[in-house]
Amino acid sequence: MEAYLMQFLDLILHLDKYLPAIMSAYGHFIYAILFFVVFCETGLVVTPFLPGDSLLFACGALAAAAPEGIDIAIVIPVFLTAAILGDACNYFIGEKFGTALLNAEHSLIKKEHIKKASDFYAKHSNKTIFLCRFVPIMRTFAPFVAGIGKMKYLTFAKYNVLGGLTWVILFVGAGYFFGNIPAIKNNFTIVVMGIVFVSILPMVIEIIRGRK
């Protein structure tokens with residue numbers, strides 16, 4: 001049982017590497033799997049470890065290489081819907097149950113992540129929802145903290161949609177246009193690290209501007 005659980009976790013955490021095999025085995029059911037992973041990564045405060053940026057990039061690259069397997073015209077709306085609904089779900093969880101979950105005796109939520117998100121809100125207010133969309137880990141906790149802080153939902157929704165749209169188009173588009181260049185294809189791990197670095201630049205710029 002433990003071996004099967006470890007295999008399942010490895011599959012989920014490294015879904016971007018297993019996508020070609022999954023496409024072959026499950027066909028169009030792949031879109032439901034992709035929706036589920038991105039929804040959980042953005043929508044459940046206990047699953048910030050799931051792949052986000054790298055998964056979007058990998059799907060964009062596969063859509064360019066094998067459009068019969070992943071259709072770019074389908075995968076972008078799937079990711080966009082999952083990202084927006086996920087953040088909305090996370091917001092409502094924070095609003096309704098956030099305090100109780102944080103104060104639970106055996107809470108699964110790391111307090112340091114909540115503190116980082118709260119500190120960022122204190123400096124950048126509502127723009128945090130947009131900026132944190134591009135930062136792994138913080139992407140999961142920002143809407144949860146917004147819910148706890150009772151941010152007006154219409155304000156949250158505006159930044160949620162704008163951030164989700166920018167995030168999905170940026171990373172899927174980057175994978176589609178650059179993912180099959182040999183130098184990138186043969187150094188995918190390094191490229192993903194670069195993607196993470198670039199993704200945090202908006203937040204870094206805002207911090208610098210805020211200090212000035």
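## Model and confidence

The model is predicted, so to speak of local features a pLDDT of at least 70 is needed, side-chain atom pairs count only at pLDDT 80 or more, and totals for chains, interfaces and linings use all residues. Residues are numbered from 1 along each chain as its sequence is written, and side-chain values use heavy atoms, with hydrogens and water left out.

The protein chain has a mean pLDDT (the predictor's confidence in each residue, from 0 to 100) of 78, and 71% of its residues reach 70 or more.

## A look at T42

T42 sits in helix α3 (residues 30-43). With a relative accessible area of 0%, T42 is buried (under 20%; exposed is over 50%, partly exposed in between, with a 1.4 Å probe and protein chains only). Beyond neighbours within four places in sequence, its contacts (heavy atoms within 4.5 Å) include A82, D87, R133 and W167.

## Aromatic pairs

There are eight aromatic pairs in the structure (Phe, Tyr and Trp rings, the six-membered one for Trp, with centres within 6.5 Å; planes under 30 degrees apart are stacked, over 60 edge-to-face, the rest tilted). F92 and Y153 are stacked, because their ring centres lie 5.1 Å apart with planes at 25°. This pair links distant parts of the chain, helix α5 (residues 72-103) and helix α9, 61 residues apart. Ring pairs also join F92 and Y153 with Y91 and F156 in a cluster.

Key. Helix = DSSP H or I, 4+ residues; strand = E, 2+ residues; numbered from the N terminus.
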